[in-house]
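Let's take a walk through this model together, starting from a whole chain and ending at single residues. Please keep the viewer open as you read.

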Amino acid sequence: MTDSPAGSRTAERHRAFRRFVTIWALLGGALLCAVVLVNTGSIIGAALFTANETGWLGGALPHWMASPILGDFELTEMGVCIAVFSFLPYCQLTRSNVTADIFTAHASPQWVARFSLLASLVALAFMAILAWRMYFGMLDQREYGYTTAILLLKHWYAYLPILASLALTVLAALVTLAEDAERA
Amino acid sequence: MLDALMIGFAGLGILILLIVIRMPIAYAMILVGGIGVAILSGPAILFSQLKTLAYSQFSNYSLSVVPMFILMGNIATQTGLSRDLFRAANAWIGWLRGGTAMAAIAACAGFGAVCGSSLATASTMGQVALPELRRYRYSGALATGTLAAGGVLGILIPPSVVLVVYAVIVEANIVSMFAAALFPGIIAVIFFILTIGVYVMVRPEAGPKGGASTRGEFLAATLGVLPVLVIFGLVIGGIYGGFFNPTPAGAIGVFLVWLYGIFRRSVSMRSLGEALLATARTTGMIYLIVLGAELLKIFMSRGGVPQAIADWMANSGLAPMTVLVILLIALIFLGCLMDSLSMILLAIPFFWPVLVEINGGDYVPAEMAGFGMSSEDLKIWFGILSLIVVELGLITPPVGMNVFVISAMARDTPMRETFIGVMPFFAAEIVRVAILLAFPAITLWLPHYLSG
Amino acid sequence: AQEFVFKLHHLLGANSPAQKNMLEPWAKQVEENSGGRVKIEIYPAMSLGGRPPELIQQVRDGVVDLVWTVNGYTPGLFPRTEVFELPSVFRNDIKATNLAMYDLFESDLKQEYKGLEVMWLHVHAGQAIMTVDKEVHSPADMAGMKIRIPTRTGAWVIEALGAAPVAMPVPAVPQALSKKVVDATLLPWEIIPPLKLQNQIKYFIEGHNQTRIGTTTFQVSMNKARWDSLPDDIKKAFRDASGRDWWGKVGDIWRAGDDFGISVAEKAGRKHIVLSEAETEAFMEAVQPVVQRWIEEVSAKGIDGAALVEKARAAIAANTAAN
Ligand code: NA
Ligand code: NA
């Protein structure tokens, strides 16, 4: 059936989507690497601070250089959070969420596909609900002006990439649902 | 109270049913928890809570160490560090009968010291050690059994993702948990090596001797382990020494492993990308389970379930140790169904209040406590015991993830044989649990020493 | 019969002094006042889900009916109340500060509690200085230390003293102190027993006459819609249990918890340093820039910060004199 022009167009669209979701996850991975660097930098900064103020560096370094990164804690929380959301579409598309397959090991492929379809449906419904609710969550965060404690970063900014990730996860669930429906 | 227990059992029953029909465990928890809250308190409450719940769970600082350790393990996988470890261990003990399998265990322990996950350890070391074991004509059962069991060391030797999640749930100090895991982890390594020794005594044909190495090979191989020692020393040593908190320590670990890979020219942009995607799959899965478990917890709290179970157990008149053993056995049974992390997230929120209640509350002095130790110590001790029994789930049928991973690599060995091959290791683990139960000091000594 | 059931959500444990000595007695009083028609179920340790900063949103959304929470978890939401946290505005008197908040509540504070019906506000005994191994008598002694941040304005205090602020969650504090990841922390005495700080800290330092360097504000609030839906006699049951006397009594409860905390440290043989009056004033002088910085910051939001500082100081002074 993939021989038909319509089928191959669909397949091509799926491939393009898959590539985009992979790149999206890699961007999240890059953010995670940035969190790694912030934490590493903060440790080095704290060590330099002690050396500079009390130890053998004796005030040789400027203050901005030799100090722990203020708010590394918050940057870590927010960075990891955004990164994890960006992983969700990739997880859905690669079916990485753990299942217990053993009881259905002897079931027919058709039944397995039906169970899988049910799982895709739940993922689709939940991610759609979550996207809908977190949109209102973002509006709350903006209206009340929730910020982090030290750097006063506005939480609702973080919701923007997160909502995009959730929208992608909904689409990814649609793709897995279509795959399951074909086999069921 | 009866109502509450009914709610609890109904929820658990439906959850298991969903898991049996292949629903991803995270979504099974989300479905039961979400619908449960909607039934008990109305959908409006659920919808309001979903506005912020996922954001706050995913931005929990205590959990941020999880992606760090996973990324560290995944980059380590790309670096070829596993090969160095195995070569060194093999140069040391490979000439013994069963020595190559023993070396594989030692190398698993070494890899576990820089990797927070069991599956990553099993698959990485499997790729390196399985061909060698087959080359020396080890039996399929011993070769695959060794590697499936050895993978468990990835999580028994700190750092360990499961321990982090346990610490988050019971609000334990992660550093104390890591410290507590060290001696039991070393005992596990010794027991596994002894198990192989006994195995090849009974069945000499299963594990032949390997070749002895030359002095030059020996020296080169031994020097190859230095990077692992340095990284483990800095990361775990830094945590134990209190020089940094776990998340920055994990970050430094990632940074060092990455540098090592660049230095060895084994980590290109491409392999870094692969490590990141592997991290994305595991991390996304773990965090989704964390969210599901939170929804399930809210449902159970609103139904009054944890309190009811705690009251019920506390009034059962059973001796504290009996209750503890029952809970551990329950975890072993749950382990047949679920992966270790889901199990910790599902069971500990219910089991821990029971133990605190029996012990006499949060602030009970040791001399008046049911277990003869403060609740803080009980938290640490129980954490290590449950860590071991939930990890057993990785090598027990029907769902034994480590066995699946190794089986997928060893196509010529039927999975049944692998399950038979891990049996002796399973027995060794039961002996270890019994010893740790009898002598809590083995677990508690190091955390006590470190906290002064 | 229990016609009105309320879920009270908070972050500390079921056996914490805050639940045992403050929340439970209050809940019991409300229940009694209502003739048994009200039931308040207390859910400790975030057992109804989420993390502490979400408590405010949970009660606004009606996910729970009542919360006890720290205002500073949601910085910027309660800027006016924050004036009572400032060093040299809050000096030493918990009870007088609680009563001052009561007196200024309708006129100056109420407007920032959108979607909430406040039962009561309170502070803790204030930030004392706990150092691992250095005796401190002057602001200069603290320059170059790494100090854990207690609150948002607490970070400014640390900077004003020439030290480096380090953020970390409370449970990480003992370990960080024991290995000198931080050299000192600013916390009230009441936190000593649960964190066993007497094991890591040598010097426990406070100003003359229990003077501390700023404090933290807390609130117990009900969902506004839920409150509005209640019949008058039930509202009265809550009001009677949370009147001016109660706000003052909460001050006594936290004072007792604080005194107990320092007694634990003293019993462990640790040094409890009380600064002289002159030394104390040197600290108050050093943190003046913090008050100035706060005034500038809230002025940008259209709040007359300078006037609020004066009003708060006057109200606290009036209540201190009255006690
Ligand atoms: Na490990
Ligand atoms: Na299993």
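Chain C exposes about 11400 Å², and carbon and sulfur atoms supply 53% of that area; accessible areas come from the Shrake-Rupley method with a 1.4 Å probe, and for residues only the protein chains shown count as cover. This is a predicted model, in which local features need pLDDT of at least 70 and side-chain atom pairs count only at pLDDT 80 or more, while totals for chains, interfaces and linings use all residues. Residues are numbered from 1 along each chain as its sequence is written, chains are lettered from A and ligands numbered from 1 in the order in which they are written, and side-chain values use heavy atoms, with hydrogens and water left out.

Stay with chain C for its overall build. Of its 323 residues, 62% count as buried, where buried means under 20% relative accessible area, exposed means over 50%, and partly exposed lies in between (1.4 Å probe, protein chains only). The C-alpha atoms fill a box of roughly 60 × 40 × 35 Å along the principal axes. The radius of gyration of chain C is 20 Å, which agrees with the value near 20 Å for a compact globule of 323 residues; this radius is taken over C-alpha atoms, and the globule rule is 2.2 Å times the number of residues to the power 0.38.

Chain C has 13 helices and eleven strands, which are DSSP runs numbered from the N terminus (helices H or I, at least four residues; strands E, at least two). Among contacts in chain C between residues at least 6 apart in sequence, 77% join residues at least 24 apart, a contact being heavy atoms within 4.5 Å.

Now zoom in on one loop of chain C. Between strand E9 (203–206) and strand E10 (217–223) you will find C:Gln210, whose phi is near 60°, a positive value in a residue other than glycine. C:Gln210 has a relative accessible area of 29%, so this residue is partly exposed.

Chain B comes next. Its domain assignment gives domain 1 (1–59 + 288–303) and domain 2 (62–281), with bounds from an automatic or database domain assignment. The centres of the two domains of chain B, taken over C-alpha atoms, are separated by 36 Å.

Two loops of chain B deserve a look. The loop between H10 and helix H11 (174–202) holds B:Glu171, with a positive phi near 55° in a residue other than glycine. B:Glu171 counts as exposed because its relative accessibility is 60%.
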